[in-house]
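Please take a moment to look through the sequence and the three-dimensional view before reading on. The report below is meant to be read slowly, with the structure open beside it.

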Amino acid sequence: MPQATFIQEGRAIDYTPGTAVTSGQVVLVNDLVGVARTPIEANALGSLAVEGVFDFPKASGASTAIALGATCYWDNTNQRATTTSSGNKLIGKSVKAAVDADSTVRIKLNQ
């Protein structure tokens with residue numbers, strides 16, 4: 001008997017939300033952060049991307065730049081990416097530097 005059986009590549013996972021999810025919505029499932037690539041109706045099977053490169057919203061203004069290669073987290077309270085780990089969920093690494101004036105940061109999901 002094998003110890004593990006291959007199921008899929010794992011770029012996306014099955015997900016059935018209790019409420020409708022919009023395309024591009026960031027979804028937290030315990031410590032897993034996924035992104036809905038298409039809308040998912042409430043109580044209907046859909047999928048969340050858990051790999052890939054996405055533009056996430058970030059704060060803009062003084063001292064909000066995010067460096068290339070920085071570890072990024074999802075701040076679910078403020079609905080944006082941050083480099084602050086405390087109280088937030090790991091998203092991945094920045095793959096493009098974001099300056100203070102930018103309202104988004106490009107992140108490769110890596111959990």
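What follows is a guided description of a predicted model, arranged by topic.

## Overall architecture

The protein contains 9 strands and 0 helices, and the order of its elements along the sequence is therefore written as β-β-β-β-β-β-β-β-β, since a strand is shown by the letter β. Along its principal axes, the C-alpha trace spans about 55 × 35 × 25 Å, and 32% of the 111 residues count as buried.

## A cluster of aromatic rings

How many aromatic pairs does a search of the whole structure find? The search finds 2 of them. In one, the rings of Phe54 and Phe56 have centres 6.4 Å apart and planes at an angle of 65°, so this pair is described as edge-to-face, because an angle over 60 degrees places a pair in that class. In the other, Phe56 pairs with Trp74 in a tilted arrangement, with 6.0 Å from centre to centre and 55° between the planes. This second pair links distant parts of the chain, for Phe56 belongs to strand S5 (residues 52–57) and Trp74 to strand S6 (residues 71–75), and the two residues are 18 residues apart.

Through these ring pairs, Phe54, Phe56 and Trp74 are linked into a cluster. Are its members buried or exposed? Phe54 has a relative accessibility of 19% and counts as buried, because the cut-off for that word is under 20%. Phe56 is buried with a relative accessible area of 2%, and Trp74, at 3%, also counts as buried.

## Two salt bridges

A search of the whole structure finds 2 salt bridges. One of them joins Asp31 to Lys89, with the closest N and O atoms 2.8 Å apart. Asp31 lies in the loop between S2 and S3, whereas Lys89 lies in strand S8 (residues 89–96), so the pair ties together parts that are 58 residues apart in sequence. Asp31 is exposed, with a relative accessible area of 59%, while Lys89 counts as partly exposed at 27%.

The other salt bridge is formed by Asp55 and Arg106, whose closest N and O atoms are 2.7 Å apart. This pair, too, links distant parts of the chain, since Asp55 is in strand S5 and Arg106 is in strand S9 (residues 104–109), 51 residues apart. Asp55 is partly exposed with a relative accessible area of 44%, and Arg106 counts as partly exposed at 34%.

## A buried charge without a salt bridge

Asp75 is placed in strand S6, and this residue is buried and yet has no salt bridge.

## Surface and loops

Val53, Leu68 and Val95 form a nonpolar patch on the surface, and together they have about 270 Å² of accessible area. Val53, one member of this patch, lies in strand S5 and is partly exposed, with a relative accessible area of 48%. Another valine, Val29, has its place in strand S2 and is partly exposed at 31%; from C-alpha to C-alpha, Val29 and Tyr15 are 9.3 Å apart in space, although 14 residues separate their positions in the sequence.

Most residues other than glycine have a negative phi. Which value does phi take in Asn30? Asn30, which is not a glycine, has a positive phi of about 55°. Asn30 is found in the loop between strand S2 (26–29) and strand S3 (32–36), and this residue is exposed, with a relative accessible area of 68%. Ser63 likewise has a positive phi, near 65°, in a residue other than glycine; Ser63 is placed in the loop between S5 and S6 and counts as exposed at 75% relative accessibility.

Key: Residues numbered from 1 in each chain as written. Predicted model: local features only at pLDDT ≥ 70, side-chain atom pairs only at ≥ 80, totals over all residues. Heavy atoms only, no water. Phe/Tyr/Trp six-rings, centres within 6.5 Å; stacked < 30°, edge-to-face > 60°. Buried < 20%, exposed > 50% of the residue type's maximum accessible area, 1.4 Å probe, protein only. Helix = DSSP H or I, 4+ residues; strand = E, 2+ residues; numbered from the N terminus. Patch = residues over 30% accessible without salt bridge, like charges linked within 9 Å, V, L, I, M, F, W, Y side chains within 5 Å. Areas by Shrake-Rupley, 256 points an atom, 1.4 Å probe, with all protein chains shown as cover. Salt bridge = Lys/Arg side-chain N within 4 Å of Asp/Glu carboxyl O. Lys, Arg positive; Asp, Glu negative; His and termini not counted.
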